[in-house]
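This report covers strands, aromatic rings and charged side chains. Please keep the structure open while reading.

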Amino acid sequence: MSLSLIGIILLQAYYIKGAELNQRERFESNVKKTLANVSNLIQTNELDGYYEKFQSLDSEKRVDTAVVSQLFTSLQNESTNETVNYTQIILEENYKYSSPLFDIGLDSIAIKNIIGSSKIEVYNNAHESDKDISKTPILNIVNSSRLTEAERNYFNKQLKAYVKTIPIYKRVSKEQIDSLLSKKLKENNVDIAYEFAIYSNDLATKVRTDNFENNTLDTYGVHIFFDENNQSKYRLLVNFPEDRKFILSSISSMIMLSVIFTLVILFTYTSALYQLLKQRKISEIKTDFINNMTHEFKTPIATINLALDAIKNPKIIDDKDKVLRYLNMIKEENKRMHAQVENVLRISKLEKNELNISKDKVDLHDLVEDALTHVELMVEDRQGYIKTHLGALKSTVLANETHFTSVIVNILDNAIKYSPDAPKIDVYTENVGTHILLKIKDQGSGMSKAATKRVFEKFYREHTGNIHNVKGHGLGLAYVKRIVEDHQGHVSVESEKDKGSIFTIKLPLIS
């Protein structure tokens, strides 16, 4: 069970770690895609801005040079007996623009207007001898237009060569980058706080947020502002201070379910283990109980057998005094066994709530005095004493006289049995608010702290090496606790090894 539980926990941890890595890879992919989009948008916006200026400056043009390129191609189609002539003419007009219009600090920028013209002519070769291709064509297609795409590409290339000399903070602002980053990150499902900066050849520029730290492990970067040779010295760097929290939040439901199920398994496992240990302890306690009970019954049975054998003796059977003496011994031993059986049955009925305990208005002091008469001979026989200090002014309680007397007798009996020397017992009563306290103090062998916590458990007895050195079954104090609680009271014990014990019973008073 332990190995399986450890295996399940490790397996769940493995899958959670794998899920975290997958989410991190997805997060990194989204961030890199966002940075690439932002880098392209920033440069595109810059070029578009300059191109719009360029288109509005027709009055500033001055033609520098013009170049005409012409391409002529003639094809013979034998299957149709036709001749196709293709003519293409490209006119390139080179202009110089004053650089202050673009604010890039140079004298001028070379710009081109590119006009393309194409013509397709198809002739019918009706007679092979007719080689005059100057005749009227059967098909003539003429097309002429500006090649704006080519112009734009040339413009962008020229502009990239010039604007790379402008300081980065004049080309893009922190606010522009922040706006684009925020928008594109949200589009890619990355809604998290970030810090960014633009670095030039690994040196920080003015374009940066206040709390940015260039930590190579947690920083994502992309090149920005490529020149005409597709090279860039600038990098846009972004890091996310709470990226781990964000990644874990995306798998939080899975982690929560995993933790809940693991806790359920742990609780079940712990409960099962606890029950196993508890059952083993109960088994040990019951084994001790059976051993003690067997020992308790063995002595009276042996005594009864010996008494019966003695009575059978012809010399004894005619001696009336000896016969009566042996019969009295048999009766006492029988009563002793009957008392033990009754004790066990009484506890069993208490456990099943089958013991009917009727309560009457009684004086606790009277019950104490009655209980003392049951044990005073044993105390005198061992040359000890029991002193009463009945200081409670109010002592009327609602109790069952028989059972509560047995409760006091049980505690006194324990005090006598667990006193190695002459028993010295003091009985106190006192009023505390609406309750009365009954304290029974002895100077016997006492108990350990561990024993005081379990002394009221059924069958429990503190081990002292020889389990028969003090007779008992671990039922007396369990009976005491059940009866006291049935009287809405409370019983507790304070004890110290070799210094005696104090049992305290707290009962509610009645008027």
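Predicted model: local features only at pLDDT ≥ 70, side-chain atom pairs only at ≥ 80, totals over all residues.

## The five-stranded sheet

S14 and S15 belong to an open sheet of five strands, with the order S10-S12-S13-S15-S14. The pairing within this sheet is mixed. Strand S10 (385-390) and strand S14 (490-496) are the edge strands, and each of them pairs on one side only. From one strand to the next, the twist averages 15°.

Strands of a sheet pair through backbone hydrogen bonds, in either a parallel or an antiparallel sense.

## Strand S8 and its partners

Strand S8 (residues 234-239) is mostly covered, with five of its six residues buried. Strand S5 (residues 195-200) pairs with S8 in the antiparallel sense, over six bridges. Here serine 200 has tyrosine 234 of S8 as its bridge partner.

Strand S7 (residues 219-224) also runs antiparallel to S8, and six bridges join the two. In this pairing, histidine 223 stands opposite arginine 235 in S8.

## Aromatic rings

The structure holds eight aromatic pairs. One of them is formed by tyrosine 194 and phenylalanine 196. The cut-off for buried is under 20%.

Elsewhere, Phe27, Tyr220, Phe240 and Phe246 form one aromatic cluster.

## Charges over rings

Which residue lies over the face of tyrosine 385? That residue is lysine 387, at 4.7 Å from the ring centre. Both residue numbers fall within the range of the edge strand S10 (385-390).

A second case involves arginine 325 and tyrosine 326. The charged end of arginine 325 sits over the ring of tyrosine 326, 6.0 Å from the centre of that ring.

Technical notes
Residues numbered from 1 in each chain as written. Heavy atoms only, no water. Pairing = 2+ DSSP bridges. Helix = DSSP H or I, 4+ residues; strand = E, 2+ residues; numbered from the N terminus. Axes fitted to C-alpha atoms, helices over the stretch in contact; angles between N-to-C directions. Phe/Tyr/Trp six-rings, centres within 6.5 Å; stacked < 30°, edge-to-face > 60°. Lys NZ or Arg CZ within 6 Å of the ring centre and 35° of its normal. Buried < 20%, exposed > 50% of the residue type's maximum accessible area, 1.4 Å probe, protein only.
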